[in-house]
Amino acid sequence: MSRRPAAQRFDGAAVIITGASSGLGAALALAFTEAGANVVLAARNEDRLNEVARRCVEAGGQPLVVPADVTVPADCEALVAAAVERLGRLDVLVACAGLSMWARFDELSDAEVLRRVMDVNYWGLVNPTRFALPHLKAGSGVLAAISSVQGKLGVPYHSGYAASKHAVQGFCDSLRMELAGSGVGVLTVLAHWIRGTNLRQYALGSDGLPRGDHAAAHGSGAVPLEKITRRILNAIARRRRMIFIPRWMRLFTWLSELAPPLTDRLIRKRVNREATGTHRSA
Ligand SMILES: NC(=O)c1ccc[n+]([C@@H]2O[C@H](COP(=O)([O-])OP(=O)(O)OC[C@H]3O[C@@H](n4cnc5c(N)ncnc54)[C@H](OP(=O)(O)O)[C@@H]3O)[C@@H](O)[C@H]2O)c1
């Protein structure tokens, strides 16, 4: 008997997950496998993809590993082609690859950090979507963009990250309207901080380098991976258009419209608590 409610079964579905070598993408790979899907795992680090694939095999899946850089259109074209060749169709594209930053804008020596973050988070969604769309249309599939509450709110030390996630939201909201009647669903996942991923360690600092292991640990409000994967699978199955994780985060976006200075103060206080010592004084 199925351990999941009917809405969360994906038996035989063909699912591409970018950013599958780590964190949320890896957890989604496992969750989709457990829900009966055939997963195609994409990211740049092949060793880590193979490790995730091994866990999917243990869970009863037959994953396909396709090393790909989502900022390179040719890689994304090859990724979609490999998925369709193996599985004969494409039902879900989960655009999960992501890169963060943790630096004040006025401390950056140039704009390269913002360009790199935009490249992965925004173009890394656009590129695979371009090649996946004909197949999603053919099977009335779903595009799921893993975004952030920073797609709706500004956050200090994250100017480029918040900008990239706002771009994701604008792209998805526009695409959804263009695809009305096509059968394709477009979901944006607006998540709060997630516990158990590497995003913070790989976030770029003001020197343009990953912040590394000294990156600040998440506070108690961060969402555990198992909770977020369950909500995402459910939202895809129900063809939702936008979800906030946790749900109360939606109230925060309303508050930002009603009382912007108050919201700014609350966000600054919270982010300063999460930041390293240098940021605390900022
Ligand atoms: N962690 C959070 O607090 C949080 C909160 C809200 C939203 N999110 C979003 O959740 C998503 C997943 O992030 P995570 O937290 O799981 O971070 P993570 O553990 O650092 O995973 C990031 C993934 O993106 C891949 N990636 C980065 N650049 C890539 C590129 N150029 N081409 C292909 N893949 C690339 C990485 O793989 P390779 O290095 O092997 O390429 C890795 O698999 C991101 O979109 C992030 O913005 C995270």
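**Notes on the predicted model and its ligand shell**

1. Let me start with Ala 237, which is partly exposed because its relative accessible area is 30%. In these notes, buried means under 20% relative accessible area, exposed means over 50%, and partly exposed covers what falls in between (1.4 Å probe, protein chains only). Ala 237 belongs to helix 7, residues 225-237. Helices (H or I, at least four residues) and strands (E, at least two) are DSSP runs, counted from the N terminus. The C-alpha atom of Ala 237 sits 7.8 Å from that of Arg 9, although 228 residues separate the two along the chain.

2. A word on the basis of all this: the model is predicted, with local features needing pLDDT of at least 70 and side-chain atom pairs counting only at pLDDT 80 or more, while totals for chains, interfaces and linings use all residues. Residues are numbered from 1 along each chain as its sequence is written, and side-chain values use heavy atoms, with hydrogens and water left out.

3. Now to the ligand. There are 31 residues around the ligand, and Ser 22, Arg 44, Tyr 161, Ile 194 and Thr 197 come nearest; a residue counts as near a molecule or strand if one of its heavy atoms lies within 4 Å of it. By class, this shell holds 15 nonpolar, 13 polar and three charged residues. Here Ala, Val, Leu, Ile, Met, Phe, Trp, Tyr, Cys and Pro are nonpolar, Asp, Glu, Lys and Arg are charged, and the others, Gly among them, are polar.

4. Which elements supply at least two residues each of the shell around the ligand? They are helix 1 (23-34), strand 5 (142-148), helix 5 (159-178) and helix 6 (199-202). Strand 5 gives the largest share, three residues.

5. Thr 197 places a polar side-chain atom 2.7 Å from an oxygen atom of the ligand. From the backbone, an N or O atom of Gly 98 lies 3.2 Å from a ligand oxygen, and a polar backbone atom of Leu 199 is 3.2 Å from an oxygen atom of the ligand. Taken alone, the ligand exposes 880 Å², and the protein buries 96% of that. Accessible areas come from the Shrake-Rupley method with a 1.4 Å probe; for residues, only the protein chains shown count as cover.

6. On to the salt bridges, of which the whole structure has seven. The criterion is a side-chain nitrogen of Lys or Arg within 4 Å of a carboxyl oxygen of Asp or Glu. Glu 51, Arg 54 and Glu 58 are linked in a network. Arg 54 pairs with Glu 51 at 2.7 Å between the closest N and O atoms, and with Glu 58 at 2.4 Å, N to O. Arg 54 and Glu 51 are three residues apart in helix 2 (residues 46-58), so about one helical turn separates them; Arg 54 and Glu 58, four residues apart in helix 2, are likewise separated by about one helical turn. Glu 58 is exposed because its relative accessibility is 60%, whereas Arg 54, at 39%, is partly exposed.

7. Another bridge joins Arg 176 to Asp 173, with the closest N and O atoms 2.8 Å apart. Is Arg 176 buried or exposed? At 12% relative accessibility Arg 176 counts as buried, while Asp 173, at 25%, is partly exposed.

8. A few backbone details are worth checking. Ile 245 and Pro 246 are joined by a cis peptide bond, with omega about -5°, and Pro 246 is in the loop between strand 9 and helix 8. Two residues other than glycine have positive phi: Ser 140, near 50°, and Tyr 157, about 70°. Tyr 157 lies in the loop between strand 5 and helix 5 and is buried because its relative accessibility is 6%. Ser 140 is in the loop between helix 4 (112-138) and strand 5, and its 36% makes it partly exposed.

How values were computed
Polar contact = N/O pair within 3.5 Å; in protein donor to acceptor, adjacent residues only side chain to side chain.
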